[in-house]
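Please have the sequence and the structure at hand while reading.

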Amino acid sequence: MRAPQPASLLDTPQALLTLTTVKQLTGFSKTTIYRRMEDEEHPFPRPKRLSKSCVRWPAGAVKQWLQEAIDGPPST
């Protein structure tokens, strides 16, 4: 059985993504991902801590962030 491709995981909003998968989807390094979480205008989603040494990003939040990054800021 083949592992799902990173992009297909975005179709399952409740999926939890590893840092490796988030890096593949965004093209960002670990440092850039964590820096972008501090961005005040368009912060990258924060991961959910599942245990002391395990964090995962909700696929739905990452997908929404990517879509907003593509579409640009909402017009008012």
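A salt bridge is a side-chain nitrogen of Lys or Arg within 4 Å of a carboxyl oxygen of Asp or Glu. Side chains of opposite charge can pair when their charged atoms come close. The model discussed here is predicted, and it holds two salt bridges.

**Salt bridge between Asp11 and Lys63**

- Asp11 pairs with Lys63 in a salt bridge, with 3.8 Å between the closest N and O atoms.
- Because Asp11 lies in the loop between helix H1 (6–9) and E1, and Lys63 lies in helix H4 (residues 59–71), the pair ties together parts that are 52 residues apart in sequence.
- Asp11 is exposed, and its relative accessible area is 58%.
- Lys63 counts as partly exposed, at 40% relative accessibility.

**Salt bridge between Glu38 and Arg46**

- A salt bridge joins Glu38 and Arg46, whose closest N and O atoms are 2.8 Å apart.
- Glu38 has a relative accessibility of 53% and counts as exposed.
- Arg46 has a relative accessible area of 47%, so Arg46 is partly exposed, given that exposed means over 50%.

- Leu16 belongs to strand E1, which comprises residues 16–17.
- With a relative accessible area of 45%, Leu16 is partly exposed.
- Leaving aside residues up to four places away in sequence, Leu16 touches Leu50, Arg56, Trp57 and Pro58.
- Leu16 and Pro58 are 42 residues apart along the chain, yet their C-alpha atoms are separated by 4.8 Å.

Definitions and conventions: Residues numbered from 1 in each chain as written. Predicted model: local features only at pLDDT ≥ 70, side-chain atom pairs only at ≥ 80, totals over all residues. Heavy atoms only, no water. Helix = DSSP H or I, 4+ residues; strand = E, 2+ residues; numbered from the N terminus. Buried < 20%, exposed > 50% of the residue type's maximum accessible area, 1.4 Å probe, protein only. Contact = heavy atoms within 4.5 Å.
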